[in-house]
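Look at the structure first, then read the points below.

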Amino acid sequence: MDKGGSKYEQDFIWNALDDIWGASGSSNEVPITSLPDRIKQVETDEIEDALLLHNGNVAAAGRHLGLGRTRLIARMKVLRIKKGR
C-alpha cells in the first residue's frame, strides 16, 4: 500500500467529512465559511462560555482557558467580545 492510502480509503475519509460538514448540493446546505472564520467562531464561543461559567470574571475565565488575563482581554478586543455578554 502506498503512503497516501488507497483510493478507497481516501474516498471513505472524504465521504465521512461530507457527512459531518454537509455535502455540497444538499437541500439544507449551510453557507460555506473559511477556516479562519470558523476558528474565530469557535474561539469566540469558548471565551463566551468560559465567561458565563465564571460569571464574567476574566481572570478565572482565562485560567479555565489556559490563558493569562491580559492575553484573554486582548483576544476579547480582537473578537469584539464584551465582558457582560
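H2 and H4 cross in a left-handed sense (left-handed if the near helix is turned anticlockwise from the far one by less than a right angle, right-handed if clockwise). The model is predicted: local features need pLDDT of at least 70, side-chain atom pairs count only at pLDDT 80 or more, and totals for chains, interfaces and linings use all residues. Residues are numbered from 1 along each chain as its sequence is written, and side-chain values use heavy atoms, with hydrogens and water left out.

**H2 against H4**
- The two axes lie 11 Å apart, and H2 and H4 pack at about 125 degrees (axes are lines fitted to C-alpha atoms, for helices over the stretch in contact; angles run from 0 to 180 degrees between N-to-C directions).
- H2 and H4 are therefore oblique to each other (under 35 degrees is roughly parallel, over 145 roughly antiparallel, 65 to 115 roughly perpendicular, the rest oblique).
- From H2, Lys-40, Glu-43, Thr-44, Ile-47 and Leu-51 meet Leu-72, Arg-75, Met-76 and Leu-79 of H4 (contact means heavy atoms within 4.5 Å).
- This contact of H2 with H4 has 5 nonpolar, 1 polar and 3 charged residues (Ala, Val, Leu, Ile, Met, Phe, Trp, Tyr, Cys and Pro count as nonpolar; Asp, Glu, Lys and Arg as charged; the others, Gly among them, as polar).
- Thr-44 of H2 counts as buried at 12% relative accessibility (buried is under 20% relative accessible area, exposed over 50%, partly exposed in between, with a 1.4 Å probe and protein chains only).
- Beyond residues up to four places away in sequence, Thr-44 touches Leu-79 and Ile-81.

**H3 against H4**
- The axes of H3 and H4 come within 8 Å and cross at roughly 95 degrees.
- H3 and H4 are therefore roughly perpendicular to each other.
- Val-58, Ala-59, Ala-61, Gly-62 and Leu-65 of H3 contact Arg-69, Leu-72, Ile-73 and Met-76 of H4.

**Nonpolar core**
- The largest nonpolar core has 9 residues, including Ile-47, Leu-51, Leu-72 and Met-76 (such a core is a set of buried Ala, Val, Leu, Ile, Met, Phe, Trp, Tyr and Cys residues joined through side-chain atoms within 4.5 Å).
- H2 (35–53), H3 (58–65) and H4 (69–79) each supply at least two residues of this core.
- Leaving aside neighbours within four places in sequence, Leu-51 contacts Gly-56, Asn-57, Val-58, Ala-61, Met-76 and Ile-81.

**Whole chain**
- The chain holds 4 helices and 0 strands (DSSP runs numbered from the N terminus: helices are H or I, at least four residues; strands are E, at least two).
- Of its 85 residues, 19% are buried.
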